[in-house]
Structure formats: C-alpha cells, structure tokens
Amino acid sequence: MSPLEIELARSAQAGSASALGMLLARHQAGMRAVALSILGYGPDAEDAVQDAVLIALRRIGTLRSAAA
C-alpha cells in the first residue's frame, strides 16, 4: 500500500467520507477484476463489488492498521 493510501485509510478511519471515496475509487478496478474472474460478466459481479464497498463503509473504523 502506498503512503497516500495509508493516509487516506487513516483519514477515512477518522470519519472523512471523501478519503474513503478516494480510497475505494483507487481500488474499484481491482475489486471488479476479482469479481469478474470469480463470477463472470453480469449483474452478480457488479453486486459483489457493491457489497464489498458497503462492507468497507461499515468496517473502515475497525481496521487495526491503516496499512492493512
């Protein structure tokens, strides 16, 4: 993880919605690629990415290490 991503994660943990949005945007393509490789093209892959984003939104405050 880059120093910028670590700082974004720390800011997101502190409550910055914009930092969380930027962090998720940086990883969206990778998340989509994983979902497509597992589920193939279609709505299931998109749903999986959306579910992962919601989980990140709910759990960002519970990270023990911003670098994780």
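This note goes through the overall build, the helix packing, the salt bridges and a surface patch.

1. Basis. This is a predicted model, in which local features need pLDDT of at least 70 and side-chain atom pairs count only at pLDDT 80 or more, while totals for chains, interfaces and linings use all residues. Residues are numbered from 1 along each chain as its sequence is written, and side-chain values use heavy atoms, with hydrogens and water left out.

2. Overall build. The protein has three helices and zero strands. From the N terminus on, the order is α-α-α. Helices (H or I, at least four residues) and strands (E, at least two) are DSSP runs, numbered from the N terminus. Along the principal axes, the C-alpha atoms fill a box of roughly 35 × 20 × 20 Å.

3. Burial and surface. Of the 68 residues, 21% count as buried. Buried means under 20% relative accessible area, exposed means over 50%, and partly exposed lies in between (1.4 Å probe, protein chains only). The protein exposes about 4600 Å², and carbon and sulfur atoms supply 59% of that area. Accessible areas come from the Shrake-Rupley method with a 1.4 Å probe; for residues, only the protein chains shown count as cover.

4. Contacts in sequence. Take the contacts in the protein with a separation of 6 or more: residues 24 or more positions apart account for 42% of them. Contact means heavy atoms within 4.5 Å.

5. H2 against H3. Two packed helices are described by the angle between their axes and the distance between the axes. Helix H2 (residues 17-39) and helix H3 (residues 43-59) have axes that come within 9 Å and cross at roughly 145°. On H2, the contact residues are Leu 20, Leu 24, Met 31, Arg 32, Ala 35, Leu 36 and Leu 39. H3 contributes residues including Ala 48, Val 49, Ala 52 and Val 53. Axes are lines fitted to C-alpha atoms, for helices over the stretch in contact, and angles run from 0 to 180 degrees between N-to-C directions.

6. Side chains of opposite charge can pair when their charged atoms come close. A search of the whole structure finds two salt bridges. The criterion is a side-chain nitrogen of Lys or Arg within 4 Å of a carboxyl oxygen of Asp or Glu. Glu 5 and Arg 26 form one of them, at 3.3 Å from N to O. This pair links distant parts of the chain, with Glu 5 in helix H1 (residues 3-13) and Arg 26 in helix H2, 21 residues apart. Glu 5 counts as buried because its relative accessible area is 10%. Arg 26 is partly exposed, at 43%. Leaving aside residues up to four places away in sequence, Glu 5 touches Leu 23, Arg 26 and His 27.

7. Glu 46 lies in H3 and Arg 32 in H2, so the pair ties together parts that are 14 residues apart in sequence. Glu 46 is partly exposed at 32% relative accessible area, and Arg 32 is partly exposed at 27%. Both residues are also listed in the H2-H3 contact.

8. Nonpolar patch. Val 34, Ile 38 and Leu 39 make a nonpolar surface patch of about 300 Å². Patches are made of residues with over 30% relative accessible area and no salt bridge; like charges are joined within 9 Å, nonpolar side chains (Val, Leu, Ile, Met, Phe, Trp, Tyr) within 5 Å. Leu 39 lies in H2 and is partly exposed, at 44% relative accessibility. Leu 39 also takes part in the contact with H3.
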